[in-house]
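Colleague: I am new to this structure and would like a short tour. Could you take me through it?

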Amino acid sequence: MTTQAQLLPGTLDLLILRAVSLGPLHGYGVLLRIQQISAGALLIEQGALYPGLFRLLRQGLLKADWGTSENNRRAKFYELTATGRRRLREETDSWNRLSTAIASALAPQPEEI
């Protein structure tokens, strides 16, 4: 049995925004941060991550600047914009409402106990 969870459609953008909200990161750093904050339960493939980063850049939720990575290589570092911070708050609130509702629906009902 695997300990990694499958991403639900639409959650990758939220995870990227959350990872980058903790400080500027290059692409591979975003992968590592998501893995870290999910305690290893979420593994994002690079083939999914980079289109997500570009999509968030186009939407104005992230900004990017070139810099030098910890292994002394040129890398693009991503940061949240003000709009990105606002979207992260909104999406987090929405996700929390949804997950609470689903948990409630899945909880045992008195007649099932």
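Predicted model: local features only at pLDDT ≥ 70, side-chain atom pairs only at ≥ 80, totals over all residues.

Colleague: Let us begin with the helices. At what angle do H1 and H4 pack?

Modeller: Helix H1, residues 11-21, packs with helix H4, residues 82-106, at an angle of about 125°. Their axes lie 10 Å apart.

Colleague: Which word describes how H1 and H4 are placed to each other?

Modeller: They are oblique, because an angle over 145 would be needed for roughly antiparallel, and roughly perpendicular covers 65 to 115.

Colleague: Is the crossing of H1 and H4 left-handed or right-handed?

Modeller: The crossing of these two helices is left-handed.

Colleague: Which residues make the contact?

Modeller: H1 contributes Thr11, Leu14, Leu17, Arg18 and Ser21. From H4 come Gly84, Arg85, Arg87, Leu88, Glu91, Thr92 and Trp95.

Colleague: And by class, what does that contact have?

Modeller: The contact of H1 with H4 has four nonpolar, four polar and four charged residues.

Colleague: Changing topic, how much space lies in the second largest pocket?

Modeller: The second largest pocket holds about 190 Å³ of space.

Colleague: What lines the second largest pocket?

Modeller: Its lining includes His26, Gly27, Tyr28, Tyr50, Ser69, Glu70 and Asn71. Arg73, Arg74, Ala75, Lys76 and Tyr78 also line this pocket.

Colleague: Which element gives the most to that lining?

Modeller: Strand E3, residues 74-80, gives the most, with four residues. Helix H2, residues 27-37, supplies at least two.

Colleague: What is the lining by class?

Modeller: The lining of the second largest pocket has four nonpolar, four polar and four charged residues.

Note on methods. Residues numbered from 1 in each chain as written. Heavy atoms only, no water. Axes fitted to C-alpha atoms, helices over the stretch in contact; angles between N-to-C directions. Parallel < 35°, antiparallel > 145°, perpendicular 65-115°, else oblique. Left-handed = near helix turned anticlockwise from the far one by under 90°. Contact = heavy atoms within 4.5 Å. Nonpolar A, V, L, I, M, F, W, Y, C, P; charged D, E, K, R; others polar. 1 Å grid on protein atoms, 1.4 Å probe; cavity = no way out; pocket = protein on both sides within 12 Å on 5 of 7 lines; lining within 4 Å. Points joined across faces, edges and corners; volume = space filled by probe spheres on them.
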